[in-house]
Amino acid sequence: MESIPYLALASAIAALILAYYFFTTVKAAPPGNDRMVFLMNEIQAGAKAFLKQEYTWVSVFVVGMIVLLAIVITPLASVAYVIGAILSATAGYVGMSVATMANARTTEAAKDGPSKALPIAFRGGAVMGFSVAGLALLGLMFVYLLFVVWLEVDKAFEIVTAYGLGASSIALFSRVGGGIYTKAADVGADLVGKVEAGIPEDDPRNPATIADNVGDNVGDVAGMGADLFESYAGSIIAPVALTAFSVMGGLSAAEATGSSVISKLMFPMAIAFVGMVASIVGSFFVRSGSSTDSKALSRALHRGTNVAMGLTIIATIAISYWLFKDAQGNPIGLAVAVIGGLVVGWALGKTAEYYTSDHFSPVKKIAAQSETGAATTVLSGISAGMISVASSVSLVLIGIGVAYWGGELTLGDGQGVYGIAVAAIGMLATTGVVVSVDAYGPIADNAGGIAEMAELDPSVREVTDALDSLGNTTAAIAKGFAVGSAALTALALFKSFELAIGQAGGSLSLDVGQVDVFIGLFLGAGLPFLFAALTIDAVGRAAHAMIEEVRRQFREIPGLREGKPGVVPDSARCVAISTDASLKEMIVPGSLAVVVPLVVGFIDEDTLGGLLAGALVTGFALAIFMANAGGAWDNAKKYIEAGHHGGKGSEQHKAAVVGDTVGDPFKDTSGPAMNILLKVMTIVSLVFASAFV
């Protein structure tokens with residue numbers, strides 16, 4: 001049993017080796033003609049410049065947290081925090097670098113059809129996927145082995161939890177900053193280009209086109225990668241922390257690892273190990289035929305995910321019987337909890353697909369509403385997003401109920417929360433292949449942009465558009481996994497926080513009849529709305545500056561709008577506007593998640609308990625609503641662009657572009673950042689619990 005952390009460590013190294021293998025295969029592919037290489041280099045330079053500045057700004061916050069942890073908890077907690085932050089930032093940077101290298105290569109491969117283009121795009125995404133999963137698991141296992149097993153330090157599990165806080169800090173700022181950047185560029189490019197100037201998406205005449213393509217990488221690749229890094233690490237930390245704070249009491253690390261608690265500590269690591277191996281195997285099953293039909297492409301792309309899920313389910317049952325054969329109940333219970341989480345995560349993804357794919361009625365209804373203008377298009381999208389919350393909440397509640405029952409079936413009464421904690425690992429066990437499929441989307445999107453800007457044959461754009469349309473759906477599915485796991489992980493971390501308060505000599509009350517708890521509940525309920533407002537407002541202000549700049553260039557550069565030979569836009573200026581605006585705008589909403597629980601916790605821990613509970617409920621619902629509404633508007637626009645309801649350039653298309661513009665910050669800024677907000681607040685509260693008391 002004691003070998004499990006070492007096996008998990010080895011699987012993480014194997015994932016990184018696979019990421020390097022995919023990197024070499026992508027790099028070996030031809031990048032196309034000189035124009036395509038130039039565009040690829042421009043996008044890559046813009047993305048790297050943004051990340052460099054973003055990490056410079058975030059490092060100030062990180063240093064502040066290092067000092068705070070060293071003073072309030074222990075200097076070793078600062079070490080774990082730094083490891084989590086550095087590895088999270090590294091995963092985002094590596095994934096973004098390869099994604100910006102894979103875009104032109106995907107465009108070049110698209111000349112020979114989707115059978116050549118899809119594997120390039122997927123492998124580019126797989127570098128991100130397995131870098132995220134590999135580095136997250138590698139760092140976590142190293143921190144666990146170092147502080148719990150090798151050094152046997154005091155407060156070992158608080159130190160391990162600080163690793164998750166480091167990952168969360170980078171994830172929050174990466175998601176918010178990258179999301180503001182990409183949507184400012186996207187909104188500016190769409191509103192002035194498509195609606196005002198009447199030129200196609202990704203047209204080389206549009207000054208914001210390069211910035212838009214850079215944004216796809218810093219937001220949807222680097223930001224999403226840091227998000228899933230944090231989610232994956234957090235899902236493993238939650239049951240480990242729950243076990244440590246609920247069972248160990250005053251035991252030292254050495255006593256704990258020698259006790260019967262070992263099975264509960266090892267189980268999440270064992271699931272991470274088999275999930276990683278299953279993801280590695282599943283990644284080799286992604287192959288495509290010659291059809292551009294989205295259903296055929298979807299089957300090809302999801303084959304790897306389905307194989308990985310199937311292998312994980314089989315292995316989970318075996319591990320449950322191995323580790324819990326001596327438990328007082330039936331070992332199958334915890335397997336049911338994990339598999340239930342995996343199935344619910346998949347079902348949340350499928351629900352997101354139903355509400356965001358143009359194969360189903362919600363998106364078709366939104367497209368039909370464009371016949372009567374932008375207002376009805378926006379209203380229809382809001383309605384679809386809200387309806388999707390009901391089904392998603394129902395699925396999560398079923399998952400929680402099944403996981404709680406499974407935990408009690410194996411471990412006995414009062415142990416159901418452990419089942420909920422490991423259910424979150426079920427959702428994210430196959431993170432490697434899930435992120436690979438998600439990161440594929442921005443690569444396909446960039447490939448289409450390069451095809452348009454390089455003025456390639458329309459047949460190339462047809463292939464990249466088919467890949468891109470599928471990418472929107474895969475992104476919605478990955479967000480379903482991330483948001484669902486956020487709810488379960490935050491619940492487990494909340495329980496750990498309650499236990500940590502008790503161990504520190506305090507007591508946490510969640511009686512809503514108590515005025516301090518009631519105040520906290522309302523503070524928490526309002527906080528996600530404030531966070532969403534700040535991030536949407538930030539996109540609006542940054543987009544305003546972008547729109548004015550694009551209008552200025554069309555107005556002041558002779559021949560640009562007409563596309564005269566030799567006349568090129570000043571794309572660098574648009575990149576700089578998005579970069580400056582997003583970095584300034586990310587500070588307040590990003591800091592909110594850390595500062596608010598710290599301030600409230602030092603005033604009253606019962607109020608903080610209410611705050612965490614209120615934020616979890618409203619934040620989850622808001623995240624689902626915004627992600628699905630935004631995805632639905634986007635694909636309604638693409639459905640019209642495919643020739644329905646008047647097609648490109650029609651009044652209906654303009655109405656759909658407005659809807660898509662409203663949805664952009666919903667699905668790519670505020671919505672995805674919401675699940676990080678929930679976990680950051682909970683993990684900050686857990687790490688500093690003893691200090692509050």
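Contact here means heavy atoms within 4.5 Å. By that criterion, Gly124 touches Val26, Val98, Ala102 and Ile443, not counting residues up to four places away in sequence. The structure is a predicted model, in which local features need pLDDT of at least 70 and side-chain atom pairs count only at pLDDT 80 or more, while totals for chains, interfaces and linings use all residues. Residues are numbered from 1 along each chain as its sequence is written, and side-chain values use heavy atoms, with hydrogens and water left out.

- Helices are DSSP runs (H or I, at least four residues), numbered from the N terminus.
- The expected span of a helix is 1.5 Å times one less than its number of residues; for the 36 residues of α3 (residues 75–110) this gives 52 Å, in agreement with the 52 Å between its end C-alpha atoms.
- Helix α3 has a kink of about 30 degrees centred on Ala102, where the bend is the angle between axes fitted to the seven residues ending at a position and the seven starting there.
- Because 28 of its 36 residues are buried, α3 is largely enclosed by the rest of the structure; buried denotes under 20% relative accessible area, exposed over 50%, and partly exposed the range in between (1.4 Å probe, protein chains only).
- Helix α12 (residues 374–411) has 38 residues and reaches 55 Å from first to last C-alpha, close to the expected 56 Å.
- Gly412, with a positive phi near 100 degrees, follows α12.

**Gly124 in helix α4**

- Gly124 belongs to helix α4 (residues 114–150) and is buried, at 1% relative accessibility.
- One of the contacts of Gly124 is Ala102, the residue on which the kink in α3 is centred.
- Gly124 and Gly139 are separated by 15 residues in sequence and by 23 Å in space, C-alpha to C-alpha.

- Most residues other than glycine have a negative phi.
- Glu152 has a positive phi near 50 degrees; this residue lies in the loop between α4 and α5 (156–197) and is partly exposed at 43% relative accessibility.
- Glu455 has a positive phi of about 55 degrees; this residue lies in the loop between α14 (431–453) and α15 (458–503) and is exposed at 65% relative accessibility.

**Val277**

- Val277 lies in helix α8 (residues 262–283) and is partly exposed, with a relative accessible area of 38%.

How values were computed
Helix = DSSP H or I, 4+ residues; strand = E, 2+ residues; numbered from the N terminus.
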